[in-house]
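Have the model open as you read.

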Amino acid sequence: DTENIYRLQFRRNQTTFSSTEKANRARFDFFFSFTAFLFISFENTSKQKTMATHKFHSRPDDIILHVSPGSQYSLKVIVALESRKLPHFISFAAIVPKSRVLPSGRFMVPELEFKGKAVNDSSDIMRFLDEEVKANFFPDEIKDQVEALDEEAETTLDAICDYFNYVDEKGFEKSLLQSMSRYVPWYAFWINVRKRIKPTREKKALKCREVLKCDLNRDSVLGILDEKMN
């Protein structure tokens, strides 16, 4: 167990050491910690890549959806598949886009894998399934209305999701901050998730202000959501 190996560093010996012994002990502790850090980091990275590339299917006509936790677009496709009772497998990709290994070679989720084809973008995935399995996500008789609603979801509702995940402090702490913190190893005490994600939060705030065209506070955003839902 690598975690137990690493914890050996923190065991305290009650023996009194001379100054030379203390220096040697400190030197040993440093190299032990560094070696353990590299070993555990390599192990975690290997597990993450294995999870991202693992194949759950045994037949070429199985539907496989590659997703990432916290992606509203991934959830959109999952709900769509469930609504049509289409059997499918879920493959969790790495949370960091550049670390993902997807069938298409791209980095964005969701990505659908079906019959040797790989399709990105939630709306394109649904259109693809309309053609391949007659899912009827965009019925011909009301296609214009459904596409208008889909466009609304891709812009306004997406901005509302981003507001509560990134911009709103309470929402950020309860959702994205907790989710991202789970991926920080317990020994990496120097990593400040809040600080690292700050530039992304600022970009999301600009996008939300541009799309929603309102003051970025809970009451204003919830008012827009109520208006759209009614």
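## Contacts and overall make-up

Among contacts (heavy atoms within 4.5 Å) between residues at least 6 apart in sequence, 61% join residues at least 24 apart. Buried residues, meaning those under 20% relative accessible area with a 1.4 Å probe and protein chains only, make up 32% of the 230 residues.

The chain has ten helices and four strands, taken as DSSP runs (H or I, at least four residues, for helices; E, at least two, for strands) and numbered from the N terminus. From that end, the order is α-α-β-α-β-β-β-α-α-α-α-α-α-α.

A word on the ground rules: this is a predicted model, where local features need pLDDT of at least 70 and side-chain atom pairs count only at pLDDT 80 or more, while totals for chains, interfaces and linings use all residues. Residues are numbered from 1 along each chain as its sequence is written, and side-chain values use heavy atoms, with hydrogens and water left out.

## Helix H5

H5 covers residues 143-167 and spans 34 Å from first C-alpha to last, close to the 36 Å expected at 1.5 Å a residue (1.5 Å times one less than its number of residues). A kink of about 35 degrees is centred on Ala153, the bend being the angle between axes fitted to the seven residues ending there and the seven starting there.

Its buried residues, including Val146, Asp150, Tyr163 and Phe164, pack against H3, H4, H6, H7, H9 and H10.

## Two nonpolar cores

A nonpolar core here is a set of buried Ala, Val, Leu, Ile, Met, Phe, Trp, Tyr and Cys residues joined through side-chain atoms within 4.5 Å. The largest has 18 residues, with Leu65, Leu112, Ile125, Leu129 and Phe137 touching the most other members. S1, H3, S3 and H4 each give two or more residues, and H4 has the largest share, four.

Apart from that core lies another, of nine residues, among them Tyr163, Leu212, Val221 and Ile224.

## Salt bridges

There are 13 salt bridges in the whole structure, each a side-chain nitrogen of Lys or Arg within 4 Å of a carboxyl oxygen of Asp or Glu. Asp150 pairs with Lys76 at 2.7 Å between the closest N and O atoms, linking H5 to H3 across 74 residues. Both Asp150 and Lys76 are buried.

Lys228 and Glu152 also meet, at 3.1 Å, N to O. Lys228 is in H10 and Glu152 in H5, so this pair ties together parts 76 residues apart in sequence.

Technical notes: Buried < 20%, exposed > 50% of the residue type's maximum accessible area, 1.4 Å probe, protein only.
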